[in-house]
Each structure stands twice: as C-alpha cells, then as structure tokens.
Amino acid sequence: MRNQQTINTIVFVAFFTAITFIATSIQVPMPALVGKPFVHLGNAAALISVLLLGYKRGAIAGGMGLALFDVTHNYVLDAPYYFFEVFVVGGLATLVIQLLNYRAKPQSFKLILIILAAIIAKFVTTTLHNFIMSLIRGLTLQPAIVATLSALVPTIVNCVTTMIVVLIIYPILNGRLRNQLFSALN
C-alpha cells in the first residue's frame, strides 16, 4: 500500500510539473528596461498545484515546472529563485487556507482571499527579485528603481492573469479531482 502511495505521489508531482512547464510556455512577451519579461500561465498552474496537491507536493511540482522552463529557455540563473518563490507563494496560500478553514468550509470569497494572498506574495517577491537583479547587473540605485518600475506592468498582468485563471480552473478541478487526489496520495 505504501509503495502505491509513493508511486501515486511521484506521478502526480510529475504531472503537475509538466502542466506548469507547459503553462509557462504559453506566453506573451512584454516590454521592460531590464530582462525579457513575459506574461504566462505558469504561476496559475503552480498555485493550482499547491491547492490540489497540498503545500509540499504542489510547491515541488510548481517549482520544478517553473525551474525546468527556465533551464530549458536560457534563464538558468533564475531557475533556483523561481523554484524557491513557489514555496513562499504557496506557503502563504496554504497559511490563508488554514486560517480561513477553507478545506472544511470552501466558499468563493475565501478562495478569492487565498488567491489574493498568493498574488500579493508573488508581486512582492518578483518586484524585490527584479530590483536585486538590476543591482547585480551593475545598475546604480536610481536606474535600478526605474528598471524595477518598468517591470511592474508585466508583473501586474501576470498576477491578474493568475487570479482569473485560478478562479475559473481551480473550482472545476477541485470538485472533480480533489477527493481522488487526496485518497490516492494519502
């Protein structure tokens, strides 16, 4: 029985890793002074992974999907950061799930609060990352601030996209898959 649970966990984590990788590949380039930002669905897939698989398994799946994308698309230096970021964003989402007792009493407004907490964490961590990377690339303080501000539009668009996608997709998947996933993984 324990062997089957281990196999199920590996399969589900791999599946959601692949989903996150593919969702990150669906992208629209955005202009910015530093880097090559793009709007994508990977953050939504990573958050859905956390919501469906739980914090540890979901964050591993989402983080691996985003990191795998970075490694295979010449963003190798960003891969560790985005892997770690999923744990921060997913951790805050999981904390809000517990504080709101969402699993016992799921309600739409609670889901909105959970997603808002996650995208606020994503916004803050991404903005700090962009600022620090600007400084690492050799910009002085003022140009680093300007470069970071130029990257806010793609960050905001990614956050809004994540909110919309998760609000639409998660309730559908949760209703159909959550009990099956939970029984298969535990």
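User: What volume does the second largest pocket have, and which residues lie closest to its centre?

Analyst: In this predicted model, the second largest pocket has a volume of about 230 Å³. Its lining counts 14 residues, and Ile19, Ala45, Ile48, Ile169 and Leu173 are the closest to the centre. Helices α1, α2 and α7 are the elements that give two or more residues to this lining. The largest share, 5 residues, comes from α1.

User: How many nonpolar, polar and charged residues are in the lining of the largest pocket?

Analyst: That lining has 14 nonpolar, 12 polar and 5 charged residues. The space in the largest pocket comes to about 670 Å³. Of its 31 lining residues, Lys36, Pro37, Asp78, Tyr82 and Asn130 lie nearest the centre. At least two lining residues each come from β2 (38–40), α3 (55–72), α5, α6 (141–150) and α7, and α5 supplies the largest share, 6 residues.

User: Which residues of the largest nonpolar core touch the most other members?

Analyst: A nonpolar core is a set of buried residues joined through side-chain atoms within 4.5 Å. The largest one here has 25 residues, and Leu47, Leu51, Ile114, Ile115, Val166 and Tyr170 touch the most other members. Two or more residues of this core come from each of α1 (2–25), α2 (42–53), α4, α5 and α7 (152–185). Helix α5 gives the largest share, 7 residues. Another core, also of 7 residues, lies apart from it and includes Ala46, Tyr81, Tyr82 and Val86.

User: Tyr81 and Tyr82 are in that list. Are tyrosine 81 and tyrosine 82 stacked or edge-to-face?

Analyst: A pair of aromatic rings is described by the distance of the centres and the angle of the planes. The structure holds 8 aromatic pairs. Tyrosine 81 and tyrosine 82 form one that is edge-to-face, with 4.8 Å from centre to centre and 80° between the planes. Tyrosine 81 has 19% relative accessibility, so it counts as buried. Tyrosine 82 has 18%, so it counts as buried too.

User: Why is the pair of phenylalanine 69 and tyrosine 75 described as stacked?

Analyst: The planes of phenylalanine 69 and tyrosine 75 stand at 20° and the ring centres are 6.4 Å apart. Planes under 30 degrees apart count as stacked, so this pair is stacked. Phenylalanine 69 is buried, with a relative accessible area of 1%. Both residues belong to one aromatic cluster, together with Phe21 and Phe38.

User: How many salt bridges does a search of the whole structure find, and which residues form a salt bridge?

Analyst: Side chains of opposite charge can pair when their charged atoms come close. The search of the whole structure finds 1 salt bridge. Lysine 122 forms it with glutamate 85, and the closest N and O atoms are 2.5 Å apart. The pair links distant parts of the chain, 37 residues apart: lysine 122 is in helix α5 (residues 108–136) and glutamate 85 in helix α4 (residues 79–100).

User: Do lysine 122 and glutamate 85 count as buried or exposed?

Analyst: The cut-off for buried is under 20% relative accessible area. Lysine 122 has 11% relative accessibility, so it counts as buried. Glutamate 85 has 3%, so it counts as buried as well.

Key:
Residues are numbered from 1 along each chain as its sequence is written. This is a predicted model: local features need pLDDT of at least 70, side-chain atom pairs count only at pLDDT 80 or more; totals for chains, interfaces and linings use all residues. Side-chain values use heavy atoms; hydrogens and water are left out. A salt bridge is a side-chain nitrogen of Lys or Arg within 4 Å of a carboxyl oxygen of Asp or Glu. Helices (H or I, at least four residues) and strands (E, at least two) are DSSP runs, numbered from the N terminus. Buried means under 20% relative accessible area, exposed over 50%, partly exposed in between (1.4 Å probe, protein chains only). Rings of Phe, Tyr and Trp (its six-membered ring) pair if their centres lie within 6.5 Å; planes under 30 degrees apart count as stacked, over 60 as edge-to-face and the rest as tilted. On a 1 Å grid over the protein atoms alone, a cavity is a set of points where a 1.4 Å probe fits but cannot get out, and a pocket is an open set with protein on both sides within 12 Å along at least five of seven lines; lining residues have an atom within 4 Å of a point. Grid points are joined across faces, edges and corners, and a volume is the space filled by probe spheres set on the points. Ala, Val, Leu, Ile, Met, Phe, Trp, Tyr, Cys and Pro count as nonpolar, Asp, Glu, Lys and Arg as charged, and the others, Gly among them, as polar.
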